[in-house]
Amino acid sequence: MQQDEIDKIIAEAVADSKKKSHHRPKTDGVLRARQILNWTFMIGFIAAVIIYFAYPDNKVLFFSVGFGSMVLKLVEFYLRFMF
């Protein structure tokens, strides 16, 4: 086989692979929701760190804000891989 023939076969295989791709395009709504959830998680995480150092005796508030932020991140993680 010549190099040109090999390159042609590889190009056709890549084109077929792209056509058969099972990835669904992300919708704008899901992408926007993920962005909002991610930003909310980051703000909650920063708030939890501030609460931890500002109110060291108030562990209930720290854990509430921290675990609440983690729930938001888990929802964002679910949206990333399911939609």
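A: What follows goes through the helix, its charged pairs, and then its aromatic and nonpolar surroundings.

The model is predicted, so local features need pLDDT of at least 70 and side-chain atom pairs count only at pLDDT 80 or more, while totals for chains, interfaces and linings use all residues. Residues are numbered from 1 along each chain as its sequence is written, and side-chain values use heavy atoms, with hydrogens and water left out.

Helix 3 covers residues 59-82; helices here are DSSP runs of H or I with at least four residues, numbered from the N terminus. Its 24 residues should span 34 Å at 1.5 Å a residue, and the end C-alpha atoms are 34 Å apart, which agrees. The expected span is 1.5 Å times one less than the number of residues. Gly66, Ser69, Glu76 and Leu79 are buried in helix 3, where buried means under 20% relative accessible area, exposed over 50% and partly exposed in between, with a 1.4 Å probe and protein chains only. The cover over the buried residues of this helix includes helix 2, with contact taken as heavy atoms within 4.5 Å.

Three salt bridges are found in the whole structure, each defined as a side-chain nitrogen of Lys or Arg within 4 Å of a carboxyl oxygen of Asp or Glu. In one of them, the side chains of Arg34 and Glu76 meet at 3.0 Å, N to O. Arg34 lies in helix 2 and Glu76 in helix 3, so this pair ties together parts that are 42 residues apart in sequence. Both partners count as buried: Arg34 has 17% relative accessibility, and Glu76 has 2%.

Glu76 also pairs within its own helix. Lys73 forms a salt bridge with Glu76, with the closest N and O atoms 3.1 Å apart; these two residues are three apart in helix 3, about one turn. An α-helix has 3.6 residues a turn, so residues three or four places apart point the same way. Lys73, at 21% relative accessibility, is partly exposed, as is Arg80 at 29%.

Aromatic residues come next. The structure holds seven aromatic pairs, counted when ring centres of Phe, Tyr or Trp (its six-membered ring) lie within 6.5 Å; planes under 30 degrees apart are stacked, over 60 edge-to-face and the rest tilted. The rings of Phe62 and Phe63 have centres 5.1 Å apart and planes at 55°, so the pair is tilted. Phe63 is partly exposed, at 43% relative accessibility. One aromatic cluster is formed by Tyr52, Phe53, Phe62, Phe63 and Phe67.

Tyr52 and Phe53 also belong to a nonpolar surface patch with Phe45, Ile46, Val49 and Ile50, about 620 Å² of accessible area together. Val49 is placed in helix 2, residues 28-54, and is partly exposed at 33% relative accessible area. Patch members have over 30% relative accessible area and no salt bridge, like charges being joined within 9 Å and nonpolar side chains (Val, Leu, Ile, Met, Phe, Trp, Tyr) within 5 Å. Accessible areas come from the Shrake-Rupley method with a 1.4 Å probe, and for residues only the protein chains shown count as cover.
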